[in-house]
Amino acid sequence: MDLGELKNLYEKALFIRAFEDRVAASADAGHVPGLVHLNSGAELAELAVISLLDMLKDQVTGSHRSHGLALACGVDPLALAREILGRKGGLSDGLGGTQHLMAPENGFLTSNGIVGGQVPLAAGAALSAKTLGTGGIAATFMGDGAVNQGAVQETLNLAVALNLPLLFVVINNGFGQSTAASYATAGSLIGRARAFGLAADQVDGQDPAAMMKAADRMVGWVRKTGSPAFIEAKVIRLSGHYHGDAEPYRQRGERSDPLPRVHDMLIKMGAKADELESFAITARLKAEGVIAKAEKSKDISGQALAAWQAAGGV
Ligand SMILES: Cc1ncc(C[n+]2csc(CCOP(=O)(O)OP(=O)(O)O)c2C)c(N)n1
Ligand SMILES: [Mg+2]
């Protein structure tokens, strides 16, 4: 990976981190309806895969933890912030909220609050791309806990049986909410994918060069062969399951953040410290600008509630 590529990845990761830090502050101030699931620690893994997609023809789905994924796909940060805060002018005018993000015009088909629910949806996108001959592929991002869901196992099966151009990306942070994978998950995740006949790879998702290499191999495989593939990217969840989770179930200890490591790698490769600092400042200012603006946007949650009740919701 050359200096320019790594700098580009770092700059984008800094913005995702700054955006999510500012969303967390907004949640603390009471501006965000519902729980917020932050993505810190997984930015590089997601950006690496998305950097190899063509968002004009490829389609992506994600989990409840998808703010960063949406930004990686090129979704407008202000519309995203407004959606997270339940405001008018959000991606779905604030009706979906933090877990239900949709920007199909950016190739970001949807995220889903139902664990694993986004995975069969991506199989539909892959089948449609194959049937219509668009040349596009689908990529679906999920957590390690989601791989224990029946719908995900069914989709692994169908992806091979129907030979779909579908990339499964598992962001393995070792936890499903407060339950450790070591307690609740049998065998190995790539072992399951291989048992269905998928090309599968396991990688340190916080090592940018290794992650880019694995992503390149697997995206390339899906695009060239039209067949499915699977990446398990291991990451450390830097935050709680949701923002505000005190994590009584988890050891404190060292939580190594990949972004300062990438900073040091860039310096060793010849990047100027001033330039990297300017990336960080710009990221924070941009995040502050969009989220402060979203906070001042019209709050539609009262209207949304009324519409939901009128539709028979209780
Ligand atoms: C079908 C379903 N079961 C349970 C939940 C509650 N829930 C929300 S997130 C989550 C954990 C998911 O773990 P994982 O897939 O590893 O994703 P992570 O949160 O670690 O990114 C659970 C159980 C849900 N939203 N949907
Ligand atoms: Mg997990």
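1. Contact of helix 1 with helix 2. L9, K12, A13, I16 and R17 on the helix 1 side meet E43, L44, L47 and A48 on the helix 2 side. Sorted by class, the residues of this contact are 6 nonpolar, no polar and 3 charged. All of this refers to a predicted model.

2. Geometry of that pair. Helix 1 covers residues 3-28 and helix 2 covers residues 43-50; their axes come within 10 Å and cross at roughly 125 degrees. An angle from 65 to 115 degrees would count as roughly perpendicular, and one over 145 as roughly antiparallel. The two helices are therefore oblique to each other. The crossing of helix 1 past helix 2 is right-handed.

3. Cover of helix 2. Helix 2 is mostly covered, with 8 of its 8 residues buried. The buried residues include E43, L44, L47 and A48, which are the ones that helix 2 brings to its contact with helix 1. A45, E46, V49 and I50 are buried as well. Note that E43 and E46 are among the buried residues of this helix.

4. Helix 4 against helix 11. Helix 4 (residues 77-84) packs on helix 11 (residues 273-295) at an angle of about 45 degrees, and the axes are 9 Å apart. That angle makes helix 4 oblique to helix 11. Their crossing is right-handed. From helix 4 come P77, L78, A81 and R82, and these meet V290, I291, K293 and A294 of helix 11. The class count for this contact is 6 nonpolar, no polar and 2 charged residues.

5. Surroundings of ligand 1. Which residues are closest to ligand 1? They are V115, G143, G145, A146 and G176, out of 16 residues that surround the ligand. Two elements give two or more residues to this shell: strand 3 (138-143) and strand 5 (175-176). By class, the shell has 5 nonpolar, 9 polar and 2 charged residues.

6. Backbone at D93. Most residues other than glycine have a negative phi. D93 is not a glycine, yet its phi is positive, at about 55 degrees. The residue lies in the loop between helix 4 and strand 2 (108-111). Is D93 buried, exposed or partly exposed? D93 is partly exposed, because 17 other C-beta atoms lie within 10 Å, and a buried residue would need 20 or more.

7. Backbone at E247. A positive phi, about 50 degrees, is also found at E247, again not a glycine. E247 sits in the loop between strand 8 (229-234) and helix 10 (258-269). With 13 other C-beta atoms within 10 Å, E247 is partly exposed; the exposed class takes 12 or fewer.

8. R237. The loop between strand 8 and helix 10 also holds R237. R237 has 22 other C-beta atoms within 10 Å and is therefore buried, the cut-off being 20 or more. Apart from its neighbours within four places in sequence, R237 is in contact with G41, N173 and F175. R237 and E277 are 40 residues apart along the chain, and their C-alpha atoms are separated by 24 Å.

Technical notes
Residues numbered from 1 in each chain as written. Chains lettered and ligands numbered in written order. Predicted model: local features only at pLDDT ≥ 70, side-chain atom pairs only at ≥ 80, totals over all residues. Axes fitted to C-alpha atoms, helices over the stretch in contact; angles between N-to-C directions. Helix = DSSP H or I, 4+ residues; strand = E, 2+ residues; numbered from the N terminus. Parallel < 35°, antiparallel > 145°, perpendicular 65-115°, else oblique. Left-handed = near helix turned anticlockwise from the far one by under 90°. Contact = placed C-beta atoms within 7 Å. Nonpolar A, V, L, I, M, F, W, Y, C, P; charged D, E, K, R; others polar. Near = placed C-beta within 6 Å.
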